[in-house]
Amino acid sequence: MKISPLGLRLLCLIWLWPVALLSDNQFPNRRKHKDVYMGENTRHKHGGRIDFKMKKSDSTKSLLIKSEQLLRIEDHDFAMRPGFGGSAIPVGIDVQVESIDSISEVNMDFTMTLYLRHYWQDDRLAFPSSNNKSRTFDSRLVKKIWVPDVFFVHSKRSFIHDTTMENIMLRVYPDGNILYSVRITVTALCSMDFSSFPLDTQNCSLELESYAYNENDLMLYWKNGNDSLRTDEIVLSQFFIEEFHPSYGLAFYSSTGWYNRLYINFILRRHIFFFMLQTYFPTMLMVMLSWVSFWIDRRAVPARVSLGITTVLTMSTIITGVSASMPQVSYVKAVDIYLWASFLFVFLSVIEYAAVNYFTTVEEMKKLKRGKLPVSFDATQAMAYDGCFHDNEMDLSPFPELPTTPSTEQAAPPQNSSTEPPPTEGTRLWRKRSVRHNINFIMSNSYMIDSYSRIIFPVAYLLFNIIYWSLYS
């Protein structure tokens, strides 16, 4: 019996039909996935720019996945520090100061921009490499691994620069050594002492410390000793940086224990020339200007009073301006001593004229009572009218000599010629005067106060300046 080829094919089809149905029931999505895959290939093959971007994004994602797989990030718990349970992990610190942006005396703080670099070893990130080259990553990978939690003690404000991307760099070496670098601007407290201001020198420091890990878990140290702190050429408007040096110490907290602390110390010396132009020179000129009144006629009341009041008000303005730019401290500053001493000299020059004017008036009234001035003359009205009183209107005749009588001649004490020889020719006789007699003499000759003031005031101010600058400079 012969079976035709067509009949044989029909028999094979009937035999394979149940097998095909059973396969479709067990794997219903196989053909659908194949169609989708073929459809995607078709779209990639015949698509345009959008498919190219999708392909590029997929390649970047696959590269990141490869980096994470290479470092075995998913295989470890990076919430724990390296070597947890063992000895403290050493973390080296290296700092490069880019700039000191500002120093505020009013707020007692400074703003600094720096590059902060951390060095440590994490064996969990070691990877095989044939050429022993490191791999560099940005901030995206930093968030997935463990990094030291270093913060700035006494910091008021701080931020990591993020233009155009976050200024964070992570470099991983095949043996697990890690370099972590950030660019930070920080504003920190600086306890300043203004007792010698503006001839002062300030010591400021920026302090670094781990926030969560004490000395049993993390050990901070300077990576290269004193060479760990490097600075660019920094120029400040009011200060000269004398020294930059690192130091090391420990900080104790009663609830958490001892922590390693690193210090960035710098010494600032203030430039004095700015304050010489703005404060000291104007003050000196005001004091010297107040001395001009000593050469003005003591009866020129409007001229001398206006000059004295002007210098006093100008000194008050200078003192107010300096105080407004300084913090309200409870001790006396060097500039305060100079300003208030100068103000005292100016104030005394006004008081000096008040004394001269008073003694002059008293002297004229005494002469009026003695009859040396015309009875019709009113000294008060003359002084109030033009501020002058003319000596040529006074009768300055000497007192009449007392007549000699026999009683006065007998009352004269006898001279002992045997004990005291008579004075020879050319010998100057001195008579000791009491203090009260000298005061009365000056009061009766008030013009001498101006004469003495022309010498006493400049000499005293010069002596004060010599003592002041020798103590503070």
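This is a predicted model: local features need pLDDT of at least 70, side-chain atom pairs count only at pLDDT 80 or more; totals for chains, interfaces and linings use all residues.
Biologist: How many salt bridges does the structure hold?

Modeller: A salt bridge pairs a side-chain nitrogen of Lys or Arg with a carboxyl oxygen of Asp or Glu, within 4 Å. By that criterion, the structure holds 16 salt bridges.

Biologist: Which residue meets Arg 261 in a salt bridge, and what is the N to O distance?

Modeller: The partner of Arg 261 is Glu 209, at 2.7 Å from N to O. This pair links distant parts of the chain: Arg 261 belongs to strand β12 (residues 257-270) and Glu 209 to strand β8 (residues 201-210), 52 residues apart.

Biologist: Are Arg 261 and Glu 209 buried or exposed?

Modeller: The term buried requires a relative accessible area under 20%. Arg 261 is classed as buried because its relative accessible area is 10%. Glu 209 is likewise buried, because its value is 2%.

Biologist: Where in the chain do Glu 364 and Arg 299 lie?

Modeller: Glu 364 forms a salt bridge with Arg 299, their closest N and O atoms being 3.6 Å apart. Glu 364 sits in helix α7 (residues 334-369), whereas Arg 299 is in the loop between α5 (273-290) and α6 (301-324); the two are 65 residues apart and link distant parts of the chain. Both residues are buried.

Biologist: What is the N to O distance between the side chains of Arg 124 and Asp 122?

Modeller: Their salt bridge has an N to O distance of 2.9 Å. Arg 124 and Asp 122 are both buried.

Biologist: Which residues are linked in a network of salt bridges?

Modeller: One such network links Asp 94, Arg 117 and Arg 230.

Terms used
Residues are numbered from 1 along each chain as its sequence is written. Side-chain values use heavy atoms; hydrogens and water are left out. Buried means under 20% relative accessible area, exposed over 50%, partly exposed in between (1.4 Å probe, protein chains only). Helices (H or I, at least four residues) and strands (E, at least two) are DSSP runs, numbered from the N terminus.
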